[in-house]
Structures are given as C-alpha cells and as structure tokens.
Amino acid sequence: MVLGLVVAVVLATKVAAAPSLEPGWIPVQRAASAVQVGRTDPSDTVLPSGIIDQSSVAGLVPQRLESATARAAARWTYLPGESAFNDRLDDLVVKAIAAHGAAQGLPVYQPAPSPSGAGLGDRGCLAGSSLRPAAKILADPALAPQGTGGAVVALVCDVVHASGHYFGERVRVVSGTPEAVIGDTTTVLYTDTSTGEIVDGADIVLAGAVDEVWGPVVGALRLAAGALWDVEILPPSDSARGAVETALLRAWVGADGSVKLPFDVPLEGREFDSLAGFDALFPALVTLPAEQGRRLFSPFGQTLLDTAAAGQPYAGPPDLPAAADRTNCGLVPCVAVTFDDGPGPNTPAVLDALAQADSSATFFVLGPAAERSPETLKRAYAEGHTIGTHTWSHAELTGLTDEKIVEEVERTQRAVAAITGQTPAYFRPPYGALSERVTGKLAELGLPAVLWDVDSADWQGPPAAVLVDNAVSPANQGSIILLHDIKAHTVEQVPAVLEGLRDRGFSLVTLDHLLGGTAPRPGSTVKSAR
Ligand code: NI
C-alpha cells in the first residue's frame with residue numbers, strides 16, 4: 001500500500017513534468033523507427049511476426065505425446081534423419097517430464113497410448129503457441145492435458161528459423177494450472193545442419209547486449225506508445241535490466257535476419273511515464289533490424305543472422321523416407337503395422353497411405369509375388385519400410401519335410417535379395433503355424449519367427465468399421481498388427497487404420513525400429529516388442 005502511494009506520487013510528478021501542449025502547437029514529424037513494435041497476441045489468428053509454419057519447411061518430423069498419469073504433454077518437431085539436434089529436443093522433453101513428475105510425486109513416465117478420439121494425430125509445433133501466456137497454454141486441450149486434477153506440464157514449440165543451413169526451434173516448458181503457473185522456461189535451439197553444431201540461443205547473446213539494445217528498444221516503445229517528444233534515455237533500472245535479459249534469452253533470429261524480442265509485461269522506466277498507450281503495447285514483440293541485432297551476438301549468431309539477412313533459402317537436411325526418420329519409442333508409444341502375402345496391385349496404394357501419414361510398415365512377402373511386382377517391392381524398400389519373407393507357396397510349414405521348409409524359406413530370401421539387394425532379417429510363417437521342428441530350422445537359417453499380437457481379421461472380410469476397430473482398439477505399446485495388402489477391402493481401410501492409430505498417439509514404425517534395431521535371436525518367436 002505504501003509502495004503504491006509512492007508510485008502514484010512519482011507518476012503524478014512525471015505527468016506534470018511532461019511538456020504542455022499549447023494552442024497551435026504542431027508536433028514535429030517523427031521519423032519512423034527501424035525498430036518495429038508488434039504484439040505476440042495469442043488471440044491473433046495471424047501468425048506472430050517471425051514464427052514459421054512447420055508445414056512450410058520440407059521434411060520436418062512432427063512429434064507429440066500426452067500422458068494422463070504423468071500429467072504431461074509435449075509437442076515438438078525433429079529435423080529429418082538422426083541428428084544431435086533431435087537428441088537435444090528429446091533431452092528437453094525427458095527432463096521437463098521427469099522434473100514435473102518428481103516435483104508432483106507422479107509415477108515415472110512410460111509411453112502409453114491414449115483412448116481413441118484423443119486427437120493426437122495432429123503433431124508438432126502449433127504455430128505461435130510458444131508466445132502465448134503460460135496460463136493459456138495450460139488451459140488449451142491442444143497443448144496441455146486437461147482434467148487431471150492437478151498441476152500439469154506442457155512443452156510447446158515454434159519453428160523460428162530456417163535459412164541456409166540454419167534451423168531454429170523455440171521450446172517453452174510451462175507447468176502448473178491455468179490458475180497458478182509454477183514454471184515457465186524457454187529454450188531456443190539453433191543448429192548449423194552442415195556441421196551439426198548446436199547452439200542454445202542464450203549462449204550466443206553477448207555480455208553487453210542489454211546496454212546495446214536498451215536505447216533502441218526504449219525509443220521504439222515510446223514511439224509506438226504515441227510519444228510526441230524525445231527524452232533522455234537513462235540506463236535501465238535493475239528490474240528493467242532483468243526484463244531485457246529475459247527477453248534476450250527468449251529472443252530469436254527471424255528468417256529475414258531480424259531479431260525478435262518478446263516482452264510479456266510492460267517494461268519499467270521513467271521514459272515510459274505518462275505515455276497513455278504504453279501498457280496496451282504488451283505482450284509486445286520488438287523487432288530489431290539485422291544490422292542492429294548483429295551487435296548482440298557471438299560469431300555463430302552473426303553468421304546465422306547474416307545468412308538469413310542475405311535471403312538464403314533453407315537448405316537443411318532433405319525430406320527422407322518415413323522410416324529413416326527418427327522416432328524415439330522410449331518417448332512415444334510405437335507400433336509396427338505389418339502387411340502379408342504381397343506385394344500386389346494394391347500395395348502402391350498402401351505405400352501412398354503410409355507416406356501420407358508419415359508412417360512406416362513391414363511387408364512379409366511371398367517369393368512369386370515379389371517376382372511379379374519387383375518395382376513395387378523396390379519402392380517399399382527404398383521408402384524405408386522393412387521387408388520380411390513369408391515363404392514361396394504359403395504352405396503351412398509344420399506339415400512339410402525339413403528339406404521343403406528350407407527350400408520354401410531360402411528360395412524366397414534369394415528372390416527378395418535379388419530385387420532389393422538386401423537379404424531379409426525377418427520371417428513370418430504362413431498361418432502363424434510353428435512347431436519346435438520349424439523354429440529349429442529357422443534357427444539354422446538365421447531367422448526369427450515374427451507373429452503378431454493384434455489381428456485385424458481382415459481376411460474374414462469384416463465390415464469396414466469393424467476391420468478398423470480390430471486393428472486400432474487392441475493396439476498397445478510395442479504391438480505388432482496383422483493386415484494383408486493383397487486384399488482390396490483391407491487396402492481401402494488402411495488410411496483409416498493409420499489415422500486411428502495416430503489419433504491414439506502411436507508412431508507407426510518398422511519392425512526393425514520397434515525392436516530397437518537389432519533382429520531377435522534366430523529361431524525365437526516375437527509377438528510384440530513388450
Ligand atoms: Ni499369409
């Protein structure tokens with residue numbers, strides 16, 4: 001109360017000290033500032049300046065997880081391919097969830113699917129979300145888990161930079177409830193994709209940056225607030241210095257080389273006293289032109305900024321086949337969708353649907369079918385899907401002699417290798433029929449037997465909705481799902497199956513990836529990755 005009075009008195013003094021407007025006085029024409037002041041307004045349907053829609057950057061691999069038990073949600077996006085940058089993003093996600101769980105006494109996070117209808121197929125950065133007020137992030141079902149009955153943690157992202165070989169992603173971690181925010185930290189990660197170097201935005205800001213930026217920011221804010229006169233700009237108070245430091249840590253270099261400084265709340269300073277339009281500027285986004293921003297940064301930051309200012313188009317890692325992309329099945333729930341008995345005339349439609357859904361699969365092919373459709377098999381292999389074999393004649397192996405079993409398997413292995421150049425590492429017995437004798441032979445042949453834990457029963461020709469539900473509802477973390485790409489009826493429903501699985505939060509990966517990149521022991525039987 002006492003402080004409030006003092007502030008009020010000081011404000012009154014400042015107002016009195018402002019120049020009075022005399023009749024006939026014409027304000028001087030004020031030069032436009034090179035420093036622009038906009039808003040990071042969360043209610044805007046327009047993208048805040050300097051935020052890039054992830055869909056405009058080729059090849060990004062959007063991710064999302066949500067866990068009611070860990071009271072956590074995260075949205076982020078990888079660069080194509082395995083990279084140290086993706087590791088850093090994983091690290092931010094893992095640490096955010098672990099810290100929240102420890103603070104709230106929650107069970108250790110385990111990736112698990114959500115019920116159907118969860119809406120988790122929409123992934124990656126929701127453009128502009130990292131600039132929203134923390135309470136709004138926590139209240140948004142697209143960003144944070146709702147109805148958990150306690151404090152939650154939400155990690156949101158924005159793509160903020162893509163020029164030349166440089167890419168930048170802004171990650172914000174907010175925890176608490178919409179009524180009481182507990183934590184709120186922002187990390188801006190940049191990478192030079194040509195060298196793999198990764199820099200935290202905070203590390204490229206030079207020590208003297210606050211003093212460098214203070215004058216231009218004050219001048220631009222005053223102008224934007226409608227100031228008609230110039231004042232002497234004093235050094236920042238401790239609180240104003242802190243606010244500018246925070247803005248610099250949260251700042252980013254836009255795709256045009258400008259530097260974006262977000263200020264959530266009004267800056268304090270005598271320079272702003274009596275400016276009626278001042279408070280209404282916030283949350284403000286102050287944009288410094290490249291030549292001014294340059295003085296704030298280390299050499300890495302300067303090169304990044306120069307590349308962007310020169311208008312260099314993004315030349316980061318190219319779009320890769322889905323399976324080559326990174327999915328961390330220790331972080332998000334994964335399943336392997338498998339297709340048997342092909343390839344056939346319908347297989348290209350399956351490959352199209354997989355590409356459309358950023359998903360990978362595994363094909364257990366028959367020898368003659370492979371020889372009839374070598375181009376389709378080559379395409380499946382080239383697009384990163386796993387190719388396994390399923391015998392030559394689709395015979396039930398338990399009824400064959402040892403010699404015949406070996407011939408059925410080896411002949412098909414050779415046929416596939418002749419087409420793709422790679423000998424398959426996985427085998428699925430027709431009808432799932434196995435005996436000790438058969439697995440013994442498979443052990444000699446160096447192959448594991450891959451079965452399934454989710455049977456779509458598509459071969460029975462169930463109604464479309466039943467087929468989709470058969471494949472989607474029982475799926476769990478690590479499931480292997482059985483479908484047939486020779487059935488037109490199945491192939492028609494593949495997009496709905498992929499969408500249904502993604503809606504539950506699953507990433508659809510190859511068998512290889514699901515099993516951690518190492519094929520199971522020859523002769524062993526695998527039904528899921530659990
Ligand atoms: Ni079969």
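The charged end of arginine 326 is placed over the ring of tyrosine 78, at 5.2 Å from the ring centre. The structure is a predicted model. It contains seven aromatic pairs, and a search of the whole structure finds two disulfides.

**Aromatic rings**

- A pair of aromatic rings is described by the distance of the centres and the angle of the planes.
- Among the seven aromatic pairs, tryptophan 76 and tyrosine 78 have ring centres 6.1 Å apart and planes at 85°, so this pair is edge-to-face.
- Tryptophan 76 and tyrosine 78 are both buried.
- The rings of phenylalanine 167 and tyrosine 314 form a tilted pair, because their planes stand at 50° with the centres 6.2 Å apart.
- Phenylalanine 167 belongs to strand 5 (residues 166-176), whereas tyrosine 314 is in the loop between helix 7 (299-309) and strand 11 (334-340), so the pair ties together parts that are 147 residues apart in sequence.
- Phenylalanine 167 is buried at 0% relative accessible area, while tyrosine 314, at 23% relative accessibility, is partly exposed.
- Phe85, Phe167 and Tyr314 are linked by ring pairs into a cluster.

**Charge over a ring**

- Arginine 411 lies over the face of tryptophan 392, and its distance from the ring centre is 3.8 Å.

**Disulfides**

- A disulfide is a covalent bond between the sulfur atoms of two cysteines.
- Cysteine 125 and cysteine 157 are joined by a disulfide with an S to S distance of 2.0 Å; the link is left-handed, with -115° about the S-S bond.
- Cysteine 125 is located in the loop between helix 2 (84-104) and helix 3 (134-139), and cysteine 157 in strand 4 (residues 152-163), so the pair ties together parts that are 32 residues apart in sequence.
- Cysteine 125 is buried at 8% relative accessibility, and cysteine 157 is buried at 0%.
- The disulfide between cysteine 329 and cysteine 334 has an S to S distance of 2.1 Å and is left-handed, with -90° about the S-S bond.
- Both cysteine 329 and cysteine 334 are buried.
- With the bonded cysteines of the chain numbered in sequence order, the pairing reads 1-2, 3-4.

**Leucine 514**

- Leucine 514 is part of helix 15 (residues 511-514) and counts as buried, because its relative accessibility is 9%.
- Neighbours within four places in sequence aside, the contacts of leucine 514 include Cys334, Val335, Ala336, Ile480 and Ala529.
- Leucine 514 and asparagine 328 are 186 residues apart along the chain, and their C-alpha atoms are separated by 9.5 Å.

How values were computed:
Residues are numbered from 1 along each chain as its sequence is written. This is a predicted model: local features need pLDDT of at least 70, side-chain atom pairs count only at pLDDT 80 or more; totals for chains, interfaces and linings use all residues. Side-chain values use heavy atoms; hydrogens and water are left out. Helices (H or I, at least four residues) and strands (E, at least two) are DSSP runs, numbered from the N terminus. Buried means under 20% relative accessible area, exposed over 50%, partly exposed in between (1.4 Å probe, protein chains only). Contact means heavy atoms within 4.5 Å. Rings of Phe, Tyr and Trp (its six-membered ring) pair if their centres lie within 6.5 Å; planes under 30 degrees apart count as stacked, over 60 as edge-to-face and the rest as tilted. A charge sits over a ring if NZ of Lys or CZ of Arg is within 6 Å of the ring centre and within 35 degrees of the ring normal. A disulfide is a pair of cysteine sulfur atoms within 2.5 Å.
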